[in-house]
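Biologist: I would like a close look at one part of this chain, followed by its setting in the rest of the fold. Please keep it plain.

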Amino acid sequence: MIKNYIKIAFRNLWRHKSFSMINIIGLAVGMTAGFLIFMYVKFELSYDKYHENADEIYRVVADIKTPTETLNWSSTTAPLGPAMQADYPVVKANTRIFNFGFLVQSNDNKFQEDNIVLAEPSLFKIFTFPLIKGDVAKALEAPFSIVMIETAAKKYFGSADPIGKSLLLDGKYPATVTGVMEDIRPNSHFKFNMLVSLSSIEKMVPGRLSQWGNFGNYTYLLLPKGYDANKRQAQFPAFFNRHTTDADRKQGMNYAYFLEPLKDVYMVSKRGAPESGNLSNVYIFSIVAIFILLIACINFINLTTARATERAKEVGIRKVIGAERKQLTIQFLSESVIICLISFVFSGLFSFLFLPLFNKLSGKVISQSIFEHGYLFELFLISCAIGLIAGTYPALVLSNFKPIATLKGRFSSTTKGILLRKGLVIIQFTISIVLIVGTLVVYNQLSYMRNQALGFQKDQMVTISFNGDSAVQKHADIIKNELKRIPNVLSASASATIPGFGNSVAYTEVENHLGAMQQLNMNLYDVDYDFIPQFEMKIVAGRAFSKAFGTDTTKAIIVNEAAVKSLGYLKPADAIGKRYAQWGRDGKIIGVVKDFHFQSLQETVKPLNMRVNPRNTEVFTLKVSGKNLPETISAIQNKWKILAPERPFNYVFVDETFNKLYTTEVTFGNLFLYFAVLAIFISCLGLLGLASYSTLQRTREIGIRKVLGASVPGIVNMLSKEFLLLVIFSATIAFPLAWYGMYKWLQGFAYRINISWWEFAVAGILALIIAFTTVSFQAIKAALTNPVKSLRSE
């Protein structure tokens with residue numbers, strides 16, 4: 001019986017090749033898109049779950065509150081972890097991590113490594129980081145011990161055994177390689193090339209690990225399985241007060257600690273990590289995948305039920321000779337499953353071919369192959385499920401035909417069937433129009449973010465990082481002047497950071513509008529005298545830093561407009577001359593700089609201050625002419641080798657670095673566009689099939705109309721009008737849904753566009769053009785057919 005079902009199924013597929021091809025291609029494309037999105041979503045949700053103790057690992061995070069703000073920090077103080085384990089026996093282990101950067105030298109090879117982590121032996125007890133070589137218990141025990149990932153070991157030592165080999169850190173700290181570990185998995189929020197023993201920090205900064213008031217490291221705890229973390233959090237205020245002094249807590253500031261599950265660090269947490277995801281984007285892509293598969297299923301249902309009249313006699317004859325409805329249902333379901341399995345073969349091929357492109361578009365290696373992690377088997381199950389889901393309704397409809405009516409030729413499509421097909425077309429184009437509107441809004445928001453005035457000059461600006469090298473800092477002015485002498489180098493400045501690079505946050509007390517000293521956690525830029533004019537920032541009150549004032553290096557700060565507002569002043573000029581105290585310095589505000597975006601436009605501009613501090617600079621920024629840029633960069637590199645021979649020449653353009661802040665959004669926009677196009681393509685395939693069948697059913701009518709004088713445009717209009725009205729109706733449903741969805745998405749941006757009416761108009765017109773083009777192809781073909789051929793048998 002099964003063999004018979006399969007034989008009949010293939011016979012019907014071959015007899016109606018065009019409709020079968022439309023079904024198979026539509027399902028294959030839909031399954032490919034849905035499968036790739038499924039892989040992406042599964043990968044995003046898998047971050048950090050590969051650790052054996054993933055369910056029991058928590059990151060300690062902090063909220064730092066002042067009278068005017070709350071900072072949500074992911075970092076903590078160094079003594080916190082050991083103190084928690086000592087006070088609470090339930091804490092099985094703790095580990096601390098410091099992000100660090102070193103100039104690493106091996107013989108004549110020098111590399112600036114910014115993805116280095118200072119860690120302690122307990123790291124390997126809590127996290128699953130297998131060592132290929134070395135002793136887990138001792139690898140990070142002695143000061144300046146190094147554990148390298150496998151890729152880094154090959155980079156420095158090639159095929160040689162790195163264990164016991166020496167490296168020089170920052171030109172002054174001899175270190176020894178004590179272990180080699182597997183490369184960090186791509187679905188990990190940790191991103192490092194080397195581990196350096198945490199005990200090393202006491203050699204570099206004595207007393208750093210005992211400072212309760214100095215935030216800057218990440219603390220992780222290992223708790224018992226099933227332990228209630230909320231119960232432990234309730235004890236944190238008393239714990240913190242027990243271990244800190246008034247000087248540590250700082251007057252007017254409140255500290256609250258929380259436990260954040262490891263599994264939430266990448267996807268859920270908004271506190272930051274070396275790499276973080278976006279849960280909203282995952283939800284959106286999941287919905288898009290469901291939409292695409294739904295459109296493909298609708299195509300199948302529409303085309304199958306539309307051809308019901310062709311199979312009516314077959315059903316009638318089968319029932320007359322004894323076939324039961326159950327048998328017919330199985331027959332038609334088996335045909336659906338076979339079509340889906342054929343589509344599965346094509347989908348597997350498409351997924352295999354397009355996976356490298358998808359990895360590139362997503363900006364990460366989701367998977368090397370569809371044969372990994374059981375993906376192909378999951379695609380097979382999805383295909384079978386689609387076959388059963390999409391085939392159930394047509395199977396029930398076809399198996400329910402009455403044999404007497406069908407054999408007498410009295411069967412025709414029912415009103416319910418026609419209404420169902422129209423309803424499904426409406427659903428398809430509602431989804432398509434929603435995706436078109438979404439694509440337009442996403443790209444307009446990205447364009448707005450890229451082209452928004454940032455408050456500083458970022459074009460033609462080159463930065464050279466020297467990572468705070470004291471020798472370079474000491475001769476910063478000389479190096480700057482030498483670099484400015486290079487042809488096409490227009491100006492130069494030195495600073496600790498620049499917009500888009502990240503910055504320090506300093507506890508600061510500033511005189512507010514009431515005359516009281518107000519506590520603030522202010523973003524801090526250590527700069528030189530040339531920084532503000534270099535970046536063409538605007539001083540709106542007071543003055544910029546000047547060498548004419550000898551106290552500018554010790555007493556003066558410049559704040560931004562956001563800081564002025566947080567202090568309660570109505571005008572920037574009111575803040576000039578007000579007192580401040582910050583990290584051992586005190587003095588007065590000498591100027592107010594116009595707000596500029598030093599973070600992504602997803603963030604509001606926060607209070608910031610600048611101070612002249614030549615001893616804390618890490619990058620040079622050069623403004624260069626656009627002429628002969630390669631020659632200019634080459635000249636800068638040659639001069640750098642002379643001025644700072646111990647430092648590698650690492651440069652980037654400011655605009656490129658700032659644009660990297662929007663990598664997630666750009667990736668989302670690109671993927672959204674491609675999947676929207678695929679959804680529209682699948683909808684058009686279904687519409688083409690329905691239009692073809694509708695035209696075929698009305699062949700006799702078209703012939704008669706042509707004999708009676710109907711024009712080609714008139715026939716095209718007659719055949720197209722019905723479908724275009726369905727698209728218009730779809731637009732009325734899609735527009736409010738699209739507005740609500742994109743309005744919600746835009747709330748994630750502090751600076752965002754307003755959704756415009758023209759975006760809906762363009763989406764509606766585009767949908768009409770696409771539908772008309774699809775339908776008119778068949779309509780024109782039918783209208784141009786010689787009526788003699790269609791009426792020959794009459």
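Biologist: Is Thr621 buried or exposed?

Modeller: This is a predicted model, and what follows is computed from it. Thr621 has a relative accessible area of 0%, so it is buried, the cut-off being under 20%. Thr621 sits in strand β22, which covers residues 619-624. Setting aside neighbours within four places in sequence, the contacts of Thr621 include Met461, Val462 and Thr463.

Thr774 belongs to helix α26, residues 757-783. Its relative accessibility is 12%, and therefore Thr774 also counts as buried, under the 20% limit. A polar atom of the Thr774 side chain lies 2.8 Å from the backbone oxygen of Ile770. Beyond four places in sequence, Thr774 is in contact with Cys684, Leu687 and Leu688.

Next, the nonpolar interior. In soluble globular proteins, nonpolar side chains tend to be buried together. The largest nonpolar core here has 111 residues. Within this core, the residues that touch the most other members are Phe531, Met537, Phe545, Phe596, Met610 and Phe675. Phe596 shows what such a position looks like: leaving out neighbours within four places in sequence, Phe596 is in contact with Leu454, Gly455, Phe456, Pro499 and Tyr525, and also with Met537, Val605, Leu608 and Met610.

Leu349, Phe352, Leu353, Phe354, Leu357 and Phe371 make a nonpolar patch of about 620 Å². One of these, Phe352, is found in helix α13, residues 325-362. Phe352 has a relative accessible area of 46%, which means that it is partly exposed, since this class runs between 20% and 50%.

Finally, the chain as a whole. The 794 residues of the chain include 51% that count as buried. Its secondary structure comes to 27 helices and 23 strands. Of the contacts with a separation of 6 or more, 80% are between residues 24 or more positions apart. The chain exposes about 36000 Å², with carbon and sulfur atoms supplying 59% of that area.

Technical notes
Residues numbered from 1 in each chain as written. Predicted model: local features only at pLDDT ≥ 70, side-chain atom pairs only at ≥ 80, totals over all residues. Heavy atoms only, no water. Helix = DSSP H or I, 4+ residues; strand = E, 2+ residues; numbered from the N terminus. Buried < 20%, exposed > 50% of the residue type's maximum accessible area, 1.4 Å probe, protein only. Contact = heavy atoms within 4.5 Å. Polar contact = N/O pair within 3.5 Å; in protein donor to acceptor, adjacent residues only side chain to side chain. Core = buried A, V, L, I, M, F, W, Y, C linked by side-chain atoms within 4.5 Å. Areas by Shrake-Rupley, 256 points an atom, 1.4 Å probe, with all protein chains shown as cover. Patch = residues over 30% accessible without salt bridge, like charges linked within 9 Å, V, L, I, M, F, W, Y side chains within 5 Å. Salt bridge = Lys/Arg side-chain N within 4 Å of Asp/Glu carboxyl O.
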